[in-house]
Amino acid sequence: MTEDHQRALIERSIPFLDEVKNRTAGKEFEAWLNTTYGPDSELYQDLARLIKIGVLEEGWAATIEVDGPRYRRSRLAEPTAATHYFSITAVYMDSVERYRGQYHAHPYGELNLVVPLDPGATLAGPSGWQGPGWTAPAPGSHHYPEVRGGALIALFYLPAGRISYDITGPDRTSAP
């Protein structure tokens, strides 16, 4: 069943990626995503259900510990012609207090489906803190992924699979 749910998530993502493949991440696109494919949409509901199964039930998503069990990620699909050259990655982050993950840059931007597991869990995005819905950091942006209010999953789509961890960020303990 594991392979079926993971494959279903990738297959469900492909028409969405076809629709957005020529759009540029940023605040305007983030607003469009939240209006068009927000938490009440069929797409959001399907992807959220499938990624929860992968993280919480079957263990095929967010399997690699980055900072212990509270910060894990794993790539679910490489960028290929089938995925319109987006990679698909799942990240699990759990915060008791506000929590910062690994500093990174988005050479071509990033689209994040935010799926809170705890009521009130939010992810920092270009337009502020986001509960259920989307963030879309613009090309060239860089940040510490930050979560507050509990555990969540971010299902993120990267154009050309590009993400850079070889960038030095500000002190992890300083306020943004």
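A polar contact is a pair of N or O atoms within 3.5 Å; within protein, one must be able to donate a hydrogen and the other to accept it, and residues adjacent in sequence count only if both atoms are side-chain atoms. This is a predicted model, where local features need pLDDT of at least 70, side-chain atom pairs count only at pLDDT 80 or more, and totals for chains, interfaces and linings use all residues. Residues are numbered from 1 along each chain as its sequence is written, and side-chain values use heavy atoms, with hydrogens and water left out.

Q: What makes the pairing of the Tyr37 and Glu19 side chains a polar contact?
A: The two side chains come to 2.4 Å, and the cut-off is within 3.5 Å.

Q: Why is Tyr37 called buried?
A: Buried means under 20% relative accessible area, exposed over 50%, and partly exposed in between (1.4 Å probe, protein chains only). Tyr37 has 17% relative accessibility, so it counts as buried.

Q: Where does Tyr37 lie, and which residues does Tyr37 touch?
A: Tyr37 is in the loop between α2 and α3; helices (H or I, at least four residues) and strands (E, at least two) are DSSP runs, numbered from the N terminus. Contact means heavy atoms within 4.5 Å. Leaving out residues up to four places away in sequence, Tyr37 touches Phe16, Glu19, Trp32, Leu43, Tyr44 and Trp134. Phe16 is 21 residues from Tyr37 along the chain, with 9.6 Å between their C-alpha atoms.

Q: Why is Thr89 called buried?
A: Thr89 comes out at 4% relative accessibility, so it counts as buried. Thr89 is found in strand β3, and its contacts beyond four places in sequence include Arg73, Leu76 and Phe156.

Q: What makes strand β3 largely enclosed?
A: Eight of its nine residues (86-94) are buried, so the rest of the structure largely encloses β3.

Q: How do you know that β3 pairs with β2 and with β12?
A: Two strands pair if DSSP finds at least two bridges between them. There are six bridges between β2 (residues 71-77) and β3, and nine between β3 and β12 (residues 151-159), so both pairs pass. Both run antiparallel. Tyr92 shows up on both sides: Arg72 has Tyr92 as its bridge partner in β3, while the partner of Tyr92 in β12 is Ile153.

Q: What makes β1 and β9 the edges of the sheet?
A: The sheet is open, with six strands in the order β1-β2-β3-β12-β6-β9 and antiparallel pairing. β1 (64-65) and β9 (133-135) each have a single partner strand, so one side of each has no neighbour in the sheet.

Q: Which helix lies across β2, β3, β6, β9 and β12?
A: That's α3, running at about 70 degrees to β6. Axes here are lines fitted to C-alpha atoms, for helices over the stretch in contact, and angles run from 0 to 180 degrees between N-to-C directions.
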